[in-house]
Amino acid sequence: MTFTMAEIICLIFASLLLLYYYLTRTFDYWKIRGVKGPKPILIFGTVKDVIRTKISLSIFLKDMYDKYKNERMVGIFEKDVPSLILRDPDLIKDVLITDFSVFSERPMFSNEKHDPLTESLFRVKASKWRPLRTKLSPVFTSGKLKNMFHLLLECSEHFERYLMQIVEKNEIVECRDLTARYTTDVIGSCAFGLDINAINDDSNEFRRMGRKIFRNDLKTYFKELVRKTPWLYNIIGRLFVDKDIEEFFIKITMDMIHYRKRNNIRRHDFIDILIDLKDQEKLNDFELTDSLITAQAFVFFAAGFETSSTTLSNMMYELARNHTIQTKVREEIKKVLKSTDEKITYDSLKKMKYLHAVFQETLRKYPPVMYLVRGSLTDYTFRDTNVTISKDTKVFIPIYGIQHDPDIYPDPEVFDPDRFMDEVMKLRHPMHFLPFGDGPRNCIGLRFAYIQTKIGLIKILNNYLIDVCEKTPTPSYPLNMQDVLMLQPTCGIYVKLSPITSS
């Protein structure tokens, strides 16, 4: 059978027409629902600059939040897949809290077979998340944190001695390196039950792993690119996994579990919870493998290492540039410690209201996680609207955009802890401050993060003046614009520490 040239041209045209229809078949999704948003284009949808890595998804979400300031929600397309950005705080509350049962899914990459450490509480599917969260939550209660408090104080004393050594050298300090030493020491002690001496040991294996987890290089870029195509990741994904990280954390976690069981040791810490999990062998209908148990220890390490150390670095950075605030928080610390014979206690932290406000303002300006994402488990209609989304629709909550909104936080680039005084906070919608999320699937370790970060800052401010130096980034430091979820600077954060002389 032969075709004429005209028939061939018609066939090609029909094929292209069908392909065009297929690629644009969803493009009227938000228009039909009356939701405004940018116009999608072929192949890229509305995230062309994200796909081309010109900007991160975090910054794109902020841009959309800013551009559609009069809308309660914004419709976007990730290629041909419709997703939603929420701006309205009441709708955000519905997703995170009121109707959490519909939005308990966190549609993020995880792959038990090829990348087992991604099966952590942070990423795992809702069916596994619920029973895991129930089992892991007890270790972060106030009572358990009080039991672990002496471990944090021991690490802070190591930190205090190290500070003395580096200040004596009269050198400028790179905050992220300094604080990572401290937080790695804390996590090693509280999560793994080890005295790892990360403070003084530059070649410490935990610190090396921490740096490798959060590096930004070509391999990481391609891994994130391939992760967006699950079928392709199932074929070649293992090539991008850092086997040394995986093997290190599985070995260290299992060795500690076996050592504790063999010697009948209980410390009422995170490892004890993992031991109890391992003894169960199964939870609901899924197997508790060594890698799944390790993934929970791994995310505790990763979150504690990076988010807390970066937050502490940002606090130092802002206080170096704002001496009036630094003096005020130091005076509060000294006043409270005077009433406890210079000892930091669990209850004394609660009395440091201004320190808490400084911490909150740091999290406001530099949220550790720049957006939240939830997936609908069923079709869902937003209240007081005619907008119904389909099952599996992604819903984004742009934390960075919300917390830098001048209508909510006037002069958002100004560091102002007074925003978090009680009388001011009462006037603000609770969904306008979400550094740790909210609702049942908020950050499980937020109390722990508060404590370890505050103790670290107390050890610094109680003894040293933090000041800018010639290498301090000004007027602010540049952010990583690649496709990252967590806020990361692209340069060192340098300050000068000077001993406080007694008057």
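T229 counts as partly exposed, at 21% relative accessibility. Here buried means under 20% relative accessible area, exposed means over 50%, and partly exposed lies in between (1.4 Å probe, protein chains only). T229 sits in the loop between α10 (218-227) and α11 (230-236). Helices (H or I, at least four residues) and strands (E, at least two) are DSSP runs, numbered from the N terminus. F109 is 120 residues from T229 in sequence, yet the C-alpha atoms of the two are 10.0 Å apart in space.

The model is predicted: local features need pLDDT of at least 70, side-chain atom pairs count only at pLDDT 80 or more, and totals for chains, interfaces and linings use all residues. Residues are numbered from 1 along each chain as its sequence is written, and side-chain values use heavy atoms, with hydrogens and water left out.

The chain holds 20 helices and 11 strands. Along the principal axes, the C-alpha atoms fill a box of roughly 95 × 55 × 45 Å. Of the 503 residues, 54% are buried. Contacts (heavy atoms within 4.5 Å) were considered between residues at least 6 apart in sequence, and 72% of these join residues at least 24 apart.

Helix α14 (residues 290-321) has 32 residues. From first C-alpha to last, α14 reaches 46 Å, close to the 46 Å expected at 1.5 Å a residue. The expected span is 1.5 Å times one less than the number of residues. Helix α14 is mostly covered, with 28 of its 32 residues buried.

K459 belongs to helix α20 (residues 446-461). This lysine is buried, because its relative accessible area is 12%. Residues up to four places away in sequence aside, K459 touches S156, E157, F159, E160, L163, I344 and Y464.

Two loop residues have positive phi. N170 has a phi near 60 degrees, a positive value in a residue other than glycine. N170 lies in the loop between α7 (142-168) and β3 (173-174). At 55% relative accessibility, N170 is exposed. D384 also has a phi near 60 degrees, and is likewise a residue other than glycine. Its loop runs between β7 (380-381) and β8 (388-389). D384 is exposed, with a relative accessible area of 69%.
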